[in-house]
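My notes follow in the order in which I looked things up.

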Amino acid sequence: MSFARVEEVFKLNEGERVRLRGWVYNARVQGGLAFIDLRDSTGIVQVTIKKHELKNPPFESIVNELKREASLSLEGYVRHDPRAPNGVEILCESLEIIGKSEEYPIRKGVGTKFLLDHRHLYLRRQKFQAVLKIREKAVEAAEEWFRMNGFHLVHCPSFVIAACEGGATLFNVDYFGKVVHLTQSSQLYLEAAIFGLEKVYTIQPSFRAEKSKTKKHLTEFWHIEAEVAFATHEDIMNYEEDLVSYIVNKVVDESQKELELLGRQFEKPKRPFLRLTYAQAVELVNKKGIKMNFGDDFGTDAEKLIANSIDRPAFVMFFPVSTRAFYHMPNPEDPNLTLSSDLYAPGEGEITSGGQRIHDLDLLLRRLKEYNLNPEDYKWYIDLRRYGSVPHAGFGLGLERLVKWITGVNHIRNTVPFPRTPFRVYP
RNA sequence: GCCGCCCUAGCUCAGCCCGGUAGAGCACCCGGCUGUUAACCGGGGGGUCAUGGGUUCAAAUCCCAUGGGCGGCGCCA
C-alpha cells in the first residue's frame, strides 16, 4: 500500500486502511491513549493511538518519542468521529519513528527575534507554507502571462559595475581584488536585450544596501522586470495592469485554500485601474492634511493615505524629474515631468515603478552630467543609443510587495523564507 | 543616516523609578490518567540578570561604553 497524503484522508470512508507519513504537529498522551496531530505538506489530521489496538511496536516503546516535530510513518484505518478535529481521525495499528525530535523550540508565545533566529524551523508552520505557496503561484502566473504575451526570458548578471538607482545603495563585492557591486535592478541589461528580442522580462533578485528599517524593504528582493521596444509610457502601464490583474486573479482562483488558511478576504481588483497624475496625488495628500510641496516625493504617511483612498490599484503618473532616476524620458508636454508612473495597491502602497526611457543619445549624456554620474561607467548603456535606438519603456514589480498585498501579512520579511534585512543575514 | 525602545531560567515576561545576594507562567524531567484539541493533575531540576568598566559597604536595579536586535522616519520594488 502506498502512502496517502493528509488532505486525501478526509475524503475516505469509515474503515478504509491508510498509510501516512509526516511530522508530529502536536501530541497529547494520557495513559494508554495518545493523540497526534500529524502534519504533511497538505494538511493536519489527528491520529489516535490506543494502547491495546497498537499491534507494533509496543505502546510503551514509542510513547515517549511522540514529541513535536518527530517524523514518523504509520498505518491504520479511517474513523469518522465528532470528537476529532474536522470529524476525521486515523486509528493507528502500527507506527515507526523515522526521526526523533528534541525539545522543539518554536511554540506559542515566542517573540519576533526568536522566530527570525529559528526561521529554518518556522518554515514548517502551516500559515507560512500558505504564504510560500501563494508566492509560488504568483511567480507561476507572471511567467505564464509573459509567455502568453510574447515576452522572452532574459537572465541578467548579479555582479555589476554601474549603479542603476544611485551609488549610495550599492553592495560592494571583492571580485578578485577589484570592487564590483550587486545589481540593484536588471533594467539596464534588459534595455540592451530589447534590440534583439523586443519584449523581454526577468524574475531575479535585486540588492539594495539601504539601511531601510521598514515593513516594505529587504536588502535582497525578487524583482519582476520587463522592457519593451517601441513601447510608450501608456503602453507599459497597460502591460502592468494586465500582468498584475492576471497574477492576482490566478491566485484568487487557484490558491483559495491558502487564502482561507490565512484568513485573508481578497477580492479581485476592479478594472480599469485608476490613473491619477502626480499633481492630482499631491493635491489629494495636501487636502487630507499631509503637507507636501510639488516636487517632493511621497513619504510613508502620504503613501499610506493614497493607498487607503483607492478602491482598486492606481497609477500615479508623471513624476517630476527631480524625484526620478537619470534615465526617465521627459514628458513632451512639460519637460519638468517624466513619462513615468508608480502603481499603488489599495491598502498596501507602491508595488511597481516604470516608465519610458530616454532613447536619445544627447539627452542621455546631458542627464548623466546633471546627475553627476560618470559616463565612463555607462559606456555600453550609452552605446545602445548609437545603433538604431528606438523609443522604449519598462517597469519593475516587487514580488514581495505584491505577495504582501495579496496575503495581507504584516511584514515583507514574512513573504520570503529567509529574509535579508540590514541587521539580519542569518539563517 | 536620524529618533525611540529592548536584552533577567529553554521561551514569554515581572522585579529596575525608591540599590540590600532573583520570581511567575509555559516548556523540560519523574509519577498518574483510554477521548484529548495550546490536554489535565501532583512533584522536581533549572539563572556568571547581553558584555566591559564606573559609583557604592552593597548593583539585575544608578552612570558610561560596546555588542546584538526590534519599532518608526528617510530611501525605494
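This is a predicted model: local features need pLDDT of at least 70, side-chain atom pairs count only at pLDDT 80 or more; totals for chains, interfaces and linings use all residues.

I started at the RNA and found a polar side-chain atom of R413 2.6 Å from a phosphate oxygen of RNA strand B.

Next I checked for contacts to the bases. An N or O atom in the side chain of K50 is 2.8 Å from a base oxygen of RNA strand B.

How many residues surround RNA strand B? I get 56, and the closest are N26, H52, R83, T300 and R401.

**Cores**

Then I went inside. The largest nonpolar core has 42 residues, and F146, L243, I247, L397, L402, W405 and I406 touch the most other members. Elements giving two or more residues to this core include α5 (126-148), β10 (199-207), α7 (233-254) and α13 (399-407). Helix α5 gives the most, with nine residues. I noted that another core lies apart from this one, with 26 residues, V47, L72, V78 and V88 among them.

Leaving out residues up to four places away in sequence, L397 touches W222, H223, I224, L243, I247, I351, T352 and L402.

**Rings**

I searched the whole structure for aromatic pairs and got 20. One of them is W145 with Y239, edge-to-face, at 6.1 Å centre to centre and 85° between the planes. W145 is in helix α5 and Y239 in helix α7, so I wrote the pair down as a link between distant parts of the chain, 94 residues apart. Are the two partners buried or exposed? W145 counts as buried at 1% relative accessibility, while Y239 is partly exposed at 21%.

F146 and Y201 pair another way: their ring centres are 4.1 Å apart and their planes are at 5°, so they are stacked. F146 is in helix α5 and Y201 is in strand β10, so this pair ties together parts 55 residues apart in sequence. I have both down as buried, F146 at 0% relative accessibility and Y201 at 4%.

I also found one aromatic cluster made of Y189, F326, Y327, Y378, W380 and Y381. The charged end of R385 sits over the ring of Y381, 4.2 Å from its centre. R324 does likewise with F319: its charged end sits over the ring, 4.2 Å from the centre.

A cis peptide bond joins R271 and P272, with omega about 0°, and P272 is in the loop between α8 (256-261) and β12 (274-277). Y426 and P427 are also joined by a cis peptide bond, with omega about -5°; P427 is in the segment after α13.

N86 has a positive phi, near 65°, in the loop between β4 (71-80) and β5 (88-99). N86 counts as exposed, at 67% relative accessibility. Phi of F318 is near 65°, and F318 is partly exposed at 22%.

Note on methods:
Residues are numbered from 1 along each chain as its sequence is written. Chains are lettered from A and ligands numbered from 1 in the order in which they are written. Side-chain values use heavy atoms; hydrogens and water are left out. A nonpolar core is a set of buried Ala, Val, Leu, Ile, Met, Phe, Trp, Tyr and Cys residues joined through side-chain atoms within 4.5 Å. Buried means under 20% relative accessible area, exposed over 50%, partly exposed in between (1.4 Å probe, protein chains only). Helices (H or I, at least four residues) and strands (E, at least two) are DSSP runs, numbered from the N terminus. Contact means heavy atoms within 4.5 Å. Rings of Phe, Tyr and Trp (its six-membered ring) pair if their centres lie within 6.5 Å; planes under 30 degrees apart count as stacked, over 60 as edge-to-face and the rest as tilted. A charge sits over a ring if NZ of Lys or CZ of Arg is within 6 Å of the ring centre and within 35 degrees of the ring normal. A residue is near a molecule or strand if one of its heavy atoms lies within 4 Å of it. A polar contact is a pair of N or O atoms within 3.5 Å; within protein, one must be able to donate a hydrogen and the other to accept it, and residues adjacent in sequence count only if both atoms are side-chain atoms.
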